[in-house]
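Okay everyone, thanks for having me.

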Amino acid sequence: MLVDSHCHLDFPDFEGEVDALVARAKEAGVGLMVTICTRPSQAEAVITLAERHESVFCAIGLHPHHVTTEGLPEEDSLVVLAEHPKVVALGETGLDYHYDRSPREHQQESFRRHIRAARRGGVPFVVHSRNADVDTAAILEEEASGQVPGVMHCFSSGRELADKAIELGLYISLSGIVTFRNSGALREITTDVPLDRLLVETDAPFLAPVPMRGKRNEPAYVVHTAAVVAQLKNLSEEAFAAASTDNFFRLFPKARTCE
């Protein structure tokens, strides 16, 4: 079994198709998926979606792009959301200095609040980081310090951030980017990440892997990313699927209800 550790099934791209997406994923050997809420104002709808499907869990958080429009999240409210049995993590949170759609200081404060709420709620946190390696590493060290687990989602940053995340006990999740021809640096980092810290994801509907590149991504396509990572780690596809699934349950223990 494979797990798609990060997708966005609530996005308009999939309206009216979630049942079919879940069925295609199961047929492809993708037994579980985590759909990510990017705005707390939409948390109820995302949780309801997860409740309708045994194989779907969710994470609730505020994407750095939306901090300005949504306002800084209340830590106590995040802790309450983390109590729901289908909510296996808080996020995605983090920093995006590529688009800077929210002031950096607001992104940083939101990031800190998610980590603190995750610690209090006993769940991991999901990190988005783009063009913000130094500040991401600093906040992780100050707020997480190896005391609360997390995952660097859709990792495409530099080696120093990968090393710091691993040092602090975080996991590295790889998306379809690792299958792209111009991803040599990311592939080199992947070969050095300990096997017990690796996850795979689609970030669907974005970043469809080769050979699906250019199409709308979906959870079933995570098999292509996993195949490339398995090759990089000198493993059979079956061995990597087993290892990455074990990693998933270690990071997201609330999902063990479907193990």
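This is a predicted model: local features need pLDDT of at least 70, side-chain atom pairs count only at pLDDT 80 or more; totals for chains, interfaces and linings use all residues.

Residues are numbered from 1 along each chain as its sequence is written, and side-chain values use heavy atoms, with hydrogens and water left out.

The C-alpha trace spans about 45 × 40 × 30 Å along its principal axes.

How much of the protein is buried? Buried residues make up 57% of the 259 residues. Buried means under 20% relative accessible area, exposed means over 50%, and partly exposed is in between, with a 1.4 Å probe and protein chains only.

Now the strands. Find strand E5, residues 125-130: five of its six residues are buried. Strand E4, residues 87-96, runs parallel to E5, and five bridges join them. Two strands pair if DSSP finds at least two bridges between them. Getting from E4 to E5, the chain passes through helix H5, residues 104-121, in a right-handed β-α-β crossover. Right-handed means that, with the strands pointing away from the viewer, the path from the first strand over the helix to the second runs clockwise.

E5 also pairs with strand E6, residues 150-152, in the parallel sense over three bridges. There, Val126 has Val151 in E6 as its bridge partner. The crossover from E5 to E6 goes through helix H6, residues 133-144, and is right-handed.

On to the aromatic rings. The structure holds three aromatic pairs. One of them is Phe11 with Phe206, edge-to-face, at 5.9 Å centre to centre and 75 degrees between the planes. For the cut-offs: rings of Phe, Tyr and Trp (its six-membered ring) pair if their centres lie within 6.5 Å, and planes under 30 degrees apart count as stacked, over 60 as edge-to-face and the rest as tilted. Phe11 and Phe206 are 195 residues apart, so this pair links distant parts of the chain. Phe11 is buried at 17% relative accessibility, whereas Phe206 is partly exposed at 40%.

Phe248 and Phe249 are edge-to-face as well, with centres 5.6 Å apart and planes at 70 degrees. Both are buried, and together with Phe252 they form one aromatic cluster.

Last stop: His53, in the loop between helix H2 (43-51) and strand E3 (56-60). Is His53 buried or exposed? At 9% relative accessibility, His53 counts as buried. Leaving out residues up to four places away in sequence, His53 touches Val18, Asp19, Val22 and Lys86, where contact means heavy atoms within 4.5 Å. Lys86 also lies over the face of Phe57, 4.5 Å from the ring centre. The rule there is NZ of Lys or CZ of Arg within 6 Å of the ring centre and within 35 degrees of the ring normal.

Note on methods
Helices (H or I, at least four residues) and strands (E, at least two) are DSSP runs, numbered from the N terminus.
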